[in-house]
Amino acid sequence: MNKDKNFTIREANANDVDTILALIRGLAEYENLAHELKTTPELLFKHGFGDSPYFHTILCEKNINSKTIAVGFALYFFTFSTFLSRPTLYLEDLFVLPEHRGNGYGLALFKSLAQIAEQKECGRIEWAVLNWNEPALNFYKSLGAYPQSEWTTYRLDSAAIKNLLVP
């Protein structure tokens, strides 16, 4: 593994919406889920940088040929653990562009998330990973993470939510 030390991790701001969207598109393509991508710059701005933001983003940037480019990102938000009575940092997405993997950027993003979790007094960091994504599974295990086999994730999509509200 080539460890690059010439990069920065920083909190994203409203001027980064297009960059975040490009990285989300890259993630969707990598996960073979581009057909499910519905996000727009307007929605990212509203929900990430508007009056009541729902998520936070950190970017990993590298200077390449005198131009700063984002090579990865992590998008996260906070939930609350009733059992721990402490917040949980929930990692929605972590992605490093395929051509930049193996340089330590994913680990640096995770360390930044751990620092944030520590500052916010989180009791844990949680996330979901696709079962087929062996590189991600191996990476997470190398960090000391372990799967929660006793929990099953459920989801209501927007149609199911609307249906639930029908009298």
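This is a predicted model: local features need pLDDT of at least 70, side-chain atom pairs count only at pLDDT 80 or more; totals for chains, interfaces and linings use all residues.
**View 1. The crossing of helices α1 and α2.** Helix α1, spanning residues 17-30, and helix α2, spanning residues 41-49, have axes that come within 9 Å and cross at roughly 110°, and the two helices are therefore roughly perpendicular to each other. The crossing in which α1 passes α2 is right-handed. On the α1 side the contact is formed by V17, D18, I20, L21 and I24, which meet P41, L44, F45 and F49 of α2. Sorted by class, this contact of α1 with α2 comprises eight nonpolar residues and one charged residue, with no polar residues.

**View 2. D16 in the loop between β1 and α1.** D16 is located in the loop that lies between strand β1 (7-11) and helix α1, and with a relative accessibility of 8% D16 counts as buried, since the cut-off for this class is under 20%. A polar atom of the D16 side chain lies 2.8 Å from the backbone nitrogen of N13. When residues up to four places away in sequence are not counted, D16 touches R10 and L59.

**View 3. K62 in strand β2.** K62 belongs to strand β2, which covers residues 56-64, and K62 is buried, its relative accessible area being 15%. The side chain of K62 reaches the backbone oxygen of N6 at 3.3 Å.

Note on methods: Residues are numbered from 1 along each chain as its sequence is written. Side-chain values use heavy atoms; hydrogens and water are left out. Axes are lines fitted to C-alpha atoms, for helices over the stretch in contact, and angles run from 0 to 180 degrees between N-to-C directions. Helices (H or I, at least four residues) and strands (E, at least two) are DSSP runs, numbered from the N terminus. Angles under 35 degrees count as roughly parallel, over 145 as roughly antiparallel, 65 to 115 as roughly perpendicular and the rest as oblique. A crossing is left-handed if the near helix is turned anticlockwise from the far one by less than a right angle, and right-handed if clockwise. Contact means heavy atoms within 4.5 Å. Ala, Val, Leu, Ile, Met, Phe, Trp, Tyr, Cys and Pro count as nonpolar, Asp, Glu, Lys and Arg as charged, and the others, Gly among them, as polar. Buried means under 20% relative accessible area, exposed over 50%, partly exposed in between (1.4 Å probe, protein chains only). A polar contact is a pair of N or O atoms within 3.5 Å; within protein, one must be able to donate a hydrogen and the other to accept it, and residues adjacent in sequence count only if both atoms are side-chain atoms.
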